[in-house]
Amino acid sequence: MKTKAAVLTVCGAPRPFAKSKPIQIAELDLDPPGEGEVLVKVGGGGLCHSDLSLVNGDRPRPVPIVLGHEGAGEIVELGAGVHDVKVGDHVCFTFNVSCGRCRRCLEGRPYICERSVTPRSAGQLLSGNHRLHLDGKPVNHQSGVSCYAEYAVVDRGSIVVIDPSLPLDIAALFGCAVVTGVGAVVNTAQIRPGSTVAVVGLGGVGLSGLMGAVLGGASQIVAIDLSDEKLGLARQLGATHTVNAKDADHVKQVRDLTNGGVDYAFDLAGTIKAMETAYLVTRWGGTTVTAGLSPIAADFSFKQSVLVSEEKTIKGSYMGSCVPVRDIPRFISLYQQGKLPVDRMMSQRIGFDEVNAGFDRLQDVATVRQVLVPHG
């Protein structure tokens, strides 16, 4: 079949992207789902910094590649051997497919499935195949999803069945922003009620982390960002204090507000400066968690003697340490109960013609979450 898709043709194109147009909208050939795969009609795909990192060259991937790893849709066809889902099911994509059989999957950590690493890096599905083609040549899949398209063929392990009453453009947010941000707080850090928390970076992941801290019963939540507008939204969503990272003394401000630092600090921005801030505002004996992917060659350094003498902990968090089939439905349920108002992060819905400009807005930190609606 044919599918319209947003194809990244070059990584690191000059700004503005609206002018250089690294993303081309093309009609591709899409193979039917193979064994263990499903065909999904895409309802929405979020524009995330992970996608931006391919566009701006921070974390390049082989091109051409159809972008999109955060999304949701409806199953329209099943491949051979798929019996536990059905046509018509609404699903949320997960950006790290799990095989269910490797060591990491078997120990309950499917978000770092070992079998998925090689095909994901090569732009393939878990099977090692490409289902997208242009003029007879393969087009790569991003994270085994590629949901900036009208239709996507994905591995069965890349989807989670969700409540069909949830609008698909809202459901898309649960595929990355929510699992990564909320998960970093409740799964990776496992904060306790009464904890003090700092969240550095208030994009979709950061605001999700902030809402996770509210959900977890944090007594103080300090939101840190460069944008006064985002700081205002953070206050509406439950931040007890806000600090602008442009201030030269922003670290001191946080430490003064929290009597020497927070129990848990979260870098959810994906920059080394954000990680440095998170580490510096962590109290003695506290924990710094990072879920932001910085440019691939970037290094974070710290004084080893301080790490020891202050007995701090630094933890990485991938996909919010989430088990998608467990966590996505429960996070959706919390949203439906009004306890996780993730729809407040929705900045705007866009069409294919706005994708390049959408990444300009994201690079300029002028938006939180834009969602591509391919059939809109």
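Visitor: What makes up the lining of the largest cavity?

Guide: In this predicted model, the largest cavity is lined by Val97, Ser116, Pro119, Arg120, Gln124, Leu125, Leu126, Ser143 and Gly144, where a cavity is a set of points on a 1 Å grid over the protein atoms alone at which a 1.4 Å probe fits but cannot get out, and lining residues have an atom within 4 Å of a point. The volume of the largest cavity is about 40 Å³. Residues are numbered from 1 along each chain as its sequence is written. Local features need pLDDT of at least 70 and side-chain atom pairs count only at pLDDT 80 or more, while totals for chains, interfaces and linings use all residues, and side-chain values use heavy atoms, with hydrogens and water left out.

Visitor: Why is Thr180 called buried?

Guide: Buried means under 20% relative accessible area, with a 1.4 Å probe and protein chains only; Thr180 has 5%, and is therefore buried. Leaving aside neighbours within four places in sequence, Thr180 is in contact (heavy atoms within 4.5 Å) with Phe95, Val205, Ala291, Met319 and Gly320.

Visitor: How do you know that Cys99 is buried?

Guide: The relative accessible area of Cys99 is 9%, and therefore Cys99 is buried; Cys102, at 8%, is buried too.

Technical notes. Buried < 20%, exposed > 50% of the residue type's maximum accessible area, 1.4 Å probe, protein only. 1 Å grid on protein atoms, 1.4 Å probe; cavity = no way out; pocket = protein on both sides within 12 Å on 5 of 7 lines; lining within 4 Å. Points joined across faces, edges and corners; volume = space filled by probe spheres on them.
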